[in-house]
Structures are given as structure tokens and as C-alpha cells.
Amino acid sequence: MTAKRSYTLKGPEPELWYRDLISCLQSTTASVLLRGGADPLEVLGAGWRFLHLPGEVRHEEFYYPCLPDADGRVDLGAALAPHHALRARWWQPADEQDLWREVRAALAEDRPVIAAVDNFHLPFRPAYGDVHAAHQVLVYGLDELRGLVYVSDAMPPGFRGAVPIEKFLASWGSENPTDVQDAFFSDSRIGRRCLDVRLESVPEPLTPGRLGRFLRADAELFTTAGPHRTGLPGFDLFAAELLARAGAGEAAALRELYPFGWAMQAQASLHGELLRRCGHRWGDPALAAAGRAVETVAHAWTGLRFTGAHGLGDPRAATPDLARHTTLLRAAYTRAVDAVGAVAARL
């Protein structure tokens, strides 16, 4: 039995990093990147892709589509930041009799822990005691003597501080049962999952030439049909299937749209912001305009996601509005891909 003691990260508490269109996945990952000396926007915003994996969408705020590598291993970091050496893999406590062993080890090595939780059990979340929903927070301290876990959560309303250990354990080990108040992020077992995020090397300074290489690689993926639902051809398959399922009255299609669309929305939002920032810094109006075009994609995803959410009770009736929003989103993608491709060719 390990003697009880306290563990906490060295230095200041984790910085809260937030943008309106991102999820807890990007905000917690950003906090880890900041501690490692990296700019979250340059890492998480460098890549921009479309990937839909039918049948794989989970009802979690932190869902993100991710293909396995050649060895069958899934590395979420490679999906979140395809142009950087970011590694992110899920793990669970190996010893049911000592649930904190790995957390202690990480904190002792001055590494924060990203933990999946159920909002229902966390006193600082607005859904506390009311709504079950899968979420992510950053654990930066553990005081077993006082029975406290220190967590950081940049998502509104924003929190950084202590939570009673029994509340955290209930949240971390929740079954997250079906909750009619949140059809999109309930019914997904939390299972004491944690996400180990590591940036293997601090990125080189971002230059026009380096950004141009990223943009050209992504532009090719957007315009080339592949074995999976990627790029604009993949979007067309996704949209056609969504409308067909909604037209058949399949509510599950709209339940999947919300978390999947959030992943695509967040990625486009960060990519657009990065291009806009670089355009202003480098005196390149066309690059800034391309960034705004990509941000339009992010906002178009919001419209589609919320149309789906409001149509959950009657998917057939919602289908015409879904069709209108998929058309708007497709047009936004086309304009943004063209704009990014044009600036990529000369960077």
C-alpha cells in the first residue's frame, strides 16, 4: 500500500486556454502544450482535414475521428496535429486496488493528467447533479491526506481548484447512463480513461515556407479521393448518408452528427485562426482572407450541428433544413479549400 501524500505540478497552475468553437479535447491538450513551451494554436491549428468514420462516432464531447496506423495503433495526437510530433493515447488504471498509481507517477514527473469525467458528479460544472455528459478535465494535483483532487477546466464557466476525491472518483468511474437532457454526450461509459499527451519536440518557428508545406499537403488530401471518407469526396459521402438516414427517420444519425461535427468545427476554427494570425503578422492579406474562409467552415458546422440537435425528435421533418445547411457547408468548404490552395502555391 502506497503511503498517502500530496502530489502537484511544479510552478504555476495550468493555464486555461479556450476558444468558442473548440471542445474540452482541444482545451485540455492546449494546457499540456503550454506547459511544454509550445503555442497551442500553432500545433493544433496547423492541420486541417476532413475524416468521417461511419459507425465509429462516440457520444462524448471529446470524440475525434482517428485512423489506426500501419501497426493498428491509434494515436489521437497524430490526428489532432498531423504536422507535429504530438502523441496522445488513452490509458486506464492497471490496478483496481490502487487507482491513483499512474496519476501519482505522472504528477511526480511533473506531467498533468487529462481525465475523462461525467459532468453530473463535478460540483463546478453547471450540469452538477442534473445532467450526465462525458467531458474532459486536466488533473494537476492530488492530495490524498486531505482527500482532494486539483483539476483545471477551461470550458465555460471555467474552473481551476480542488474537488473532493470522492466526487472525482464518481465522475471518473461513471457509467454515464443515457440522459434525455443530453442525448449527445450521455450513454457513453467513462471507464476511468485518461489521455496521455506528449509533444516529443518543441516545434520550429513557423515560417511562410513551413506553413506552405502544411497547406499543400492538406490541400491535396482535400481534393483527392482516398480509401476512407476524407477530403471533399468524403464530405459528399457523409452528407448524402446523413440526409438519407434523417429522411428515413433515423434519430441516431443526428445524435452522431453533434459530436462528429464538433470535432470538424473545432479543427476548422483553429486552422482558420492560425492562418488569419499569420496573414496579419506577415502582411499577407490573401493568407488572412483564407483564414477567414476556413473559419466560415467552422461556423457552418455550427449551423448544421444545431439544426440536427433541434431535429432530433423528428428527423424526417428536419431533413429539408439539414439539406440546406449541408449545401451551405459544402459551399464554405469549396471556397476555403480554393483559398487555402491558392496561398499554399506561393508560400
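# Questions on a predicted protein model

User: Is Ser152 buried or exposed in this predicted model?
Analyst: This model is predicted. Ser152 has a relative accessibility of 2%. The cut-off for burial is under 20%. Ser152 therefore counts as buried.

User: In which strand does Ser152 lie, and which residues is Ser152 in contact with beyond its neighbours in sequence?
Analyst: Ser152 lies in strand β6. Set aside its neighbours within four places in sequence. The contacts of Ser152 are then Pro14, Leu16, Val137, Leu138, Tyr140, Phe159 and Arg160.

User: How many helices and strands does the protein have?
Analyst: Both kinds of element are present. The count is ten helices and nine strands.

User: What radius of gyration does the protein have, and what does the globule rule give for 347 residues?
Analyst: The two values are close, so the protein is as compact as a globular protein of that length. The C-alpha atoms fill a box of roughly 60 × 50 × 40 Å along the principal axes. The radius of gyration is 20 Å, and the rule gives 20 Å.

User: What percentage of the 347 residues is buried?
Analyst: A residue is buried if its relative accessible area is under 20%. Buried residues make up this share of the protein: 55%.

User: What share of the contacts with a separation of 6 or more comes from residues 24 or more positions apart?
Analyst: Take the contacts in the protein with a separation of 6 or more. Residues 24 or more positions apart account for 68%.

User: What part of the accessible surface belongs to carbon and sulfur atoms?
Analyst: The accessible surface comes to about 14,500 Å². Of this, carbon and sulfur atoms hold 54%.

User: How many Å apart are the centres of the positive and negative side chains?
Analyst: The protein has 37 positive and 42 negative side chains.

User: What is omega for the peptide bond from Pro156 to Pro157?
Analyst: Most peptide bonds are trans. The bond from Pro156 to Pro157 is cis. Pro157 is found in the loop between β6 and β7. The omega of the bond is near 10 degrees.

User: Where is Asn176, and what is its phi?
Analyst: Asn176 lies in the loop between α5 and β8. Asn176 is buried, with a relative accessible area of 0%. Most residues other than glycine have a negative phi. Asn176 is not a glycine, yet its phi is positive, at about 45 degrees.

User: What is the phi of Arg192, and is this residue buried or partly exposed?
Analyst: Arg192 is found in the loop between α5 and β8. Arg192 is not a glycine, but it has a positive phi of about 55 degrees. Its relative accessibility is 23%, so Arg192 counts as partly exposed.

User: What span should helix α6 have, and how far apart are its end C-alpha atoms?
Analyst: Helix α6 covers residues 208-223, which is 16 residues.

User: Is Pro65 buried or exposed, and which residues does Pro65 contact?
Analyst: Pro65 is in the loop between β2 and α3. At 2% relative accessibility, Pro65 counts as buried. Leave aside its neighbours within four places in sequence. Pro65 is then in contact with Leu51, Leu53, Glu56, Ala79, Phe260, Ala263 and Met264.

User: Which residues does Ala78 touch, not counting residues up to four places away in sequence?
Analyst: Ala78 lies in helix α3. Ala78 is partly exposed, with a relative accessible area of 37%. Ala78 touches Leu86 and Arg87.

User: What distance separates the C-alpha atoms of Ala78 and Pro315?
Analyst: The two residues are 237 residues apart along the chain. Their C-alpha atoms are separated by 34 Å.

User: What distance separates the C-alpha atoms of Asp321 and Gly311?
Analyst: Asp321 is in helix α10. Asp321 is partly exposed, with a relative accessible area of 40%. Asp321 and Gly311 are ten residues apart along the chain. Their C-alpha atoms are separated by 9.1 Å.

How values were computed
Residues numbered from 1 in each chain as written. Predicted model: local features only at pLDDT ≥ 70, side-chain atom pairs only at ≥ 80, totals over all residues. Heavy atoms only, no water. Helix = DSSP H or I, 4+ residues; strand = E, 2+ residues; numbered from the N terminus. Rg over C-alpha atoms; globule rule 2.2 N^0.38 Å. Buried < 20%, exposed > 50% of the residue type's maximum accessible area, 1.4 Å probe, protein only. Contact = heavy atoms within 4.5 Å. Areas by Shrake-Rupley, 256 points an atom, 1.4 Å probe, with all protein chains shown as cover. Lys, Arg positive; Asp, Glu negative; His and termini not counted. Charge placed at Lys NZ, Arg CZ, Asp CG, Glu CD. Expected span 1.5 Å × (residues − 1).
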